[in-house]
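Dear colleague,

Please find below the structure that I am handing over to you.

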Amino acid sequence: MDFSKLLEIAFNFREARVLLTGVELDIFTLLSEQEMDLQEICKELHSEERSTQYLLDAMCAMKLLEKKEGKYKTSTEVVPFLSKHGSECMLPMLEHYANLWHRWSQLTDIVKGKTITIKPVDQMSSDQLKAFILGMHVLALRASKPLLKKLGTVPYKKMLDVGGASGTYSEAFIEINPQLQATIFDLPPVIEIAKERLKDSPYKDKIDFYVGDFYKDELPSGYDFLWLSAIIHQNSREQNVDLYKKCFAALETRGVLWIRDYVMSEDRTSPKTGALFAINMLVGTQGGGTYTFEEIKEDLNYAGFKNVHFKIHGEQMDTVIEAVKE
Ligand SMILES: C[S@@+](CC[C@H](N)C(=O)[O-])C[C@H]1O[C@@H](n2cnc3c(N)ncnc32)[C@H](O)[C@@H]1O
């Protein structure tokens with residue numbers, strides 16, 4: 001690692017901060033609808049002229065905006081992602097990242113032992129929760145289809161989507177497995193968001209909802225397939241053992257559990273994305289992290305599962321582990 005690479009890493013936050021401020025001010029939606037000069041933009045944003053100009057010019061340098069004869073507009077290529085009317089709008093996810101920014105800035109203090117107050121999902125403000133859940137939807141929409149294509153079709157009939165958020169994976173599973181009937185299990189305010197998002201889904205008749213808290217409540221039972229996607233990293237190993245026991249009880253004999261998450265190498269240093277995600281959990285949860293295959297297997301075995309093995313092994317949050325209730 002050389003001098004300039006170190007500088008680059010240390011100063012990486014600049015572009016992230018400029019983009020996230022643009023998202024917080026919703027500049028990209030504003031300037032995707034019309035081109036405007038600095039004074040018009042300041043009037044719309046109720047912002048200060050010098051700072052706004054520096055921000056807008058940096059956005060131009062980053063190719064997020066274009067500037068012609070003193071007028072700014074959102075670059076055509078980012079409109080689909082950064083305008084709230086865009087076809088692949090990423091704003092909810094980026095709003096969630098803007099919230100994470102504040103937590104990451106406390107990392108040094110946390111490492112020195114400072115305890116921080118962490119709001120569980122059901123205590124987030126309704127705006128934060130919506131940003132988080134719809135952000136998950138945007139990510140899952142992109143990731144689910146290629147992942148499920150790799151996994152192939154399944155022979156199961158009744159699927160429980162534990163922590164299923166607004167049901168993006170349930171829809172993707174049903175799309176390629178039309179025999180499936182899915183239940184989304186999630187917290188009360190999330191189920192409300194799911195019902196709203198799915199009311200026009202072509203699969204709405206194949207999806208039902210179950211309100212619950214998997215830390216306190218049992219899961220509904222009678223399923224031959226459980227999907228536990230992007231959940232285990234929010235938990236400590238003890239919490240995961242408790243959850244796996246509930247999953248075991250929810251499954252019929254010969255039913256299977258699939259877990260999607262990061263799975264770390266034995267020394268925990270790879271994949272890099274998983275090691276950095278563990279920090280995201282350190283600053284954002286009480287006991288979450290990313291786990292090795294051996295840890296996950298041991299916890300699943302402890303809860304009663306057998307035949308724990310990889311279905312697919314990826315570098316992102318695209319590893320899937322299967323466990324069987326024999
Ligand atoms: C990271 S998101 C994953 C969403 C979805 N499974 C996916 O892969 O895109 C975590 C989900 O777990 C839900 N969740 C968190 N704590 C929960 C709890 N105690 N009981 C039920 N659901 C919970 C959240 O509301 C959220 O929908």
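**The ligand and its surroundings**

The residues of the shell around the ligand comprise 14 nonpolar, four polar and three charged; here Ala, Val, Leu, Ile, Met, Phe, Trp, Tyr, Cys and Pro count as nonpolar, Asp, Glu, Lys and Arg as charged, and the others, Gly among them, as polar. Please note that this is a predicted model, in which local features need pLDDT of at least 70 and side-chain atom pairs count only at pLDDT 80 or more, while totals for chains, interfaces and linings use all residues. Residues are numbered from 1 along each chain as its sequence is written, and side-chain values use heavy atoms, with hydrogens and water left out.

The ligand is surrounded by 21 residues, of which Gly163, Asp186, Asp213, Phe214 and Ser229 are the closest; a residue is near a molecule if one of its heavy atoms lies within 4 Å of it. Several side chains make polar contacts, that is, pairs of N or O atoms within 3.5 Å. In the side chain of Asp213, an N or O atom is 2.8 Å from a nitrogen atom of the ligand. Ser229 places a polar side-chain atom 2.6 Å from an oxygen atom of the ligand, and for Arg260 the distance from a polar side-chain atom to a ligand oxygen atom is 3.2 Å. Of the 600 Å² of accessible area that the ligand has on its own, the protein covers 96% (Shrake-Rupley method, 1.4 Å probe).

Two or more residues of the shell come from each of helix H9 (126-151) and strand S5 (181-186). H9 gives the most, with four residues. Helices (H or I, at least four residues) and strands (E, at least two) are DSSP runs, numbered from the N terminus.

**Aromatic rings**

Rings of Phe, Tyr and Trp (its six-membered ring) pair if their centres lie within 6.5 Å; planes under 30 degrees apart count as stacked, over 60 as edge-to-face and the rest as tilted. The count by this rule is 13 aromatic pairs. One of them joins Phe11 and Phe13 edge-to-face, at 5.6 Å centre to centre and 75° between the planes. Phe248 and Phe305 are also edge-to-face, with 5.1 Å between centres and 90° between the planes. Because Phe248 lies in helix H12 (residues 237-250) and Phe305 in the loop between helix H14 (293-302) and strand S11 (306-312), this pair ties together parts that are 57 residues apart in sequence.

One aromatic cluster is formed by Tyr156, Tyr169, Phe173, Phe225, Trp227 and Trp258.

With kind regards

Notes: Polar contact = N/O pair within 3.5 Å; in protein donor to acceptor, adjacent residues only side chain to side chain.
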